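Subject: Structure for your attention, with notes

Dear colleague,

Please find the structure below, followed by an account of what was found in it. I would be grateful if you would read the notes with the model open beside them.

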Amino acid sequence: MKLTKLIALASAACMAVSLTACTSSEAAGNQTTVTEITEEESTLKTYIPTTEYVKPLGRTHLLNDTLWMAFSGSGAEFTFNGTSASVTIAGDANAANPNNEDNQARIGIYVNGERIIDDMINAAEETYTVFESEIPQDCTVTIVKLSETAMSTAGIKSIEVDSETGISPTPAKEHFIEFIGDSITCGYGVDDENRDHHFSTKTEDVTKAYAYKTAQNLNADYSMVSISGYGIISGYSDGKKKVSNQTIPQYYDKLGFSYGAYNGQTPSSVKWDFSSYTPDLIVINLGTNDDSYTLTDSDKQMEYCNAYVEFLKEIREHNPDAKILCTLGVMGDRLYQYIELAVYNYTEETGDTNISTMKFDVQSPDDGYAADWHPTEATHTKAADKLTNEIKALMGW
């Protein structure tokens with residue numbers, strides 16, 4: 001908005017006035033001169049997080065001008081040159097429930113790679129000041145959902161910066177990896193290295209898990225499709241009853257799955273647009289929860305194998321050119337031989353050879369255990385290093 005001021009200047013002297021200047025040198029005697037002064041247009045602007053202004057991270061959904069994040073690692077990134085930045089985050093239907101503290105969404109906001117904000121979303125809306133400076137600086141702001149999709153979601157409602165040039169999406173990286181997994185991929189319990197403790201979104205941090213670390217190692221863009229306790233044919237089980245409602249394939253073509261609705265909508269009601277990104281590589285790490293159901297029953301293990309083949313067909317249908325890497329082993333490798341068999345059977349049936357396998361090392365007691373016997377960050381780092389080396393050899397990156 002432009003403001004116009006009328007300033008009366010005495011001919012005897014020019015008085016210094018903020019945001020004004022004496023522009024008449026012809027004033028004489030008691031005569032006064034009126035000068036019109038224009039204030040510069042404000043550089044403080046608010047942006048809706050569309051792709052014109054931000055780069056989406058993973059699967060996101062713009063609804064009513066808010067960019068919703070469901071899966072672990074989803075978010076947005078932008079750059080700007082300016083003196084301040086703030087981000088307004090919206091909570092879902094679970095955010096304000098005081099009895100739901102262990103299920104609320106956890107977010108991280110980074111400025112130039114440094115985590116500035118680490119918070120649980122416990123309100124319908126919260127604004128975070130993430131950068132302030134007396135002089136303009138170049139900044140990259142990264143907003144990441146640290147916790148998983150099932151328990152809660154969060155949205156980026158608006159971004160406000162003080163900048164003459166505004167904000168721009170960060171450029172796409174040379175490589176893109178999609179990770180499909182379970183609690184290991186989500187970073188379950190990684191911030192709680194006590195194996196006797198249980199699930200809480202407060203202790204989930206996808207950035208400390210092997211998948212995110214691998215993407216960072218390779219300087220690749222990424223997307224996570226992962227839910228704790230989920231598998232190919234069964235979620236985590238007591239070994240007797242199949243938990244068939246907790247399977248990843250049914251949500252692969254969705255924004256996600258969550259008990260937390262946003263604006264009356266759930267992620268599973270949103271079909272994913274596979275043209276939104278095109279992965280060069282898809283890494284699958286599913287079978288740990290299936291193993292709790294199949295155990296040593298060969299018939300159940302073959303059921304897992306056959307269902308794995310069908311899931312590979314679905315993945316290939318949506319991603320015709322991507323390399324597929326099938327992995328298992330961090331929390332046990334008993335089903336790995338059935339993954340190898342599934343890949344063999346899939347290739348025999350389809351002729352598709354753009355697929356391979358890799359076995360992770362089983363976590364070591366020397367590296368400790370996180371909540372519910374999940375991998376610690378030390379274990380995740382070792383897994384990421386192994387996967388990184390495998391991808392470099394496989395992809396030539």
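I begin with helix α4, residues 298-318: at 1.5 Å a residue its 21 residues should span 30 Å, and because the C-alpha atoms at its ends lie 31 Å apart, the two values agree. The expected span is 1.5 Å times one less than the number of residues in the helix. Helices (H or I, at least four residues) and strands (E, at least two) are DSSP runs numbered from the N terminus.

This is a predicted model, in which local features need pLDDT of at least 70 and side-chain atom pairs count only at pLDDT 80 or more, whereas totals for chains, interfaces and linings use all residues. Residues are numbered from 1 along each chain as its sequence is written, and side-chain values use heavy atoms, with hydrogens and water left out.

The chain as a whole

The protein chain has 6 helices and 17 strands. Of its 397 residues, 54% count as buried; here buried means under 20% relative accessible area, exposed over 50%, and partly exposed in between, with a 1.4 Å probe and protein chains only. Among contacts in the chain with a separation of 6 or more, 75% are accounted for by residues 24 or more positions apart, a contact being heavy atoms within 4.5 Å. The structure holds 0 disulfides, a disulfide being a pair of cysteine sulfur atoms within 2.5 Å.

Helix α4 and the cores

At the start of α4, a side-chain oxygen of D297 comes to within 2.9 Å of the backbone nitrogen of D299. Such a polar contact is a pair of N or O atoms within 3.5 Å; within protein, one must be able to donate a hydrogen and the other to accept it, and residues adjacent in sequence count only if both atoms are side-chain atoms. The buried residues of α4 are K300, Q301, Y304, C305, Y308, V309, F311, L312, E314, I315 and R316. In general, an α-helix has 3.6 residues a turn, so residues three or four places apart point the same way. The elements against which the buried residues of α4 pack are β13 (176-181), β15 (281-285), α3 (288-294), β16 (323-328), α5 (336-350) and β17 (355-359).

The largest nonpolar core has 45 residues, of which I180, I284, Y308, L312 and C326 touch the most other members. A nonpolar core is a set of buried Ala, Val, Leu, Ile, Met, Phe, Trp, Tyr and Cys residues joined through side-chain atoms within 4.5 Å. Two or more residues of this core come from each of β13, β15, α4, β16 and α5, and α4 gives the most, with 7 residues. Leaving aside residues up to four places away in sequence, Y308 touches I232, I284, L286, C326, I339 and A342. A second, separate core of 28 residues includes A95, I107, C139 and I167.

Strand β6 and its partners

Strand β6 (residues 66-69) directs T66 and W68 one way and L67 and M69 the other, and all are buried. Strand β5 (residues 60-63) runs antiparallel to β6 and is joined to it by 4 bridges; two strands pair if DSSP finds at least two bridges between them. L63 stands opposite T66. In this hairpin, with 2 residues between the strands, N64 takes a positive phi near 50°. On β11 (residues 154-162), also antiparallel to β6, 3 bridges make the join, and I156 is the bridge partner of L67.

T153 is placed in the loop between β10 (125-145) and β11, and counts as buried because its relative accessibility is 1%. Among the residues that T153 touches, not counting those up to four places away in sequence, are W68, M69 and A70.

Helix α2 (residues 210-217) is mostly covered, with 6 of its 8 residues buried: Y210, A211, Y212, K213, T214 and A215. Their cover includes β13, α1 (183-186), β14 (221-226), β15 and α6 (377-395). N219, which follows α2, has a positive phi near 50°.

In the loop between β14 and β15 is N263, with a positive phi of about 50° although it is not a glycine. The loop between β17 and α6 holds D372, whose phi is near 55°, a positive value in a residue other than glycine. D372 counts as partly exposed because its relative accessibility is 23%.

Yours sincerely
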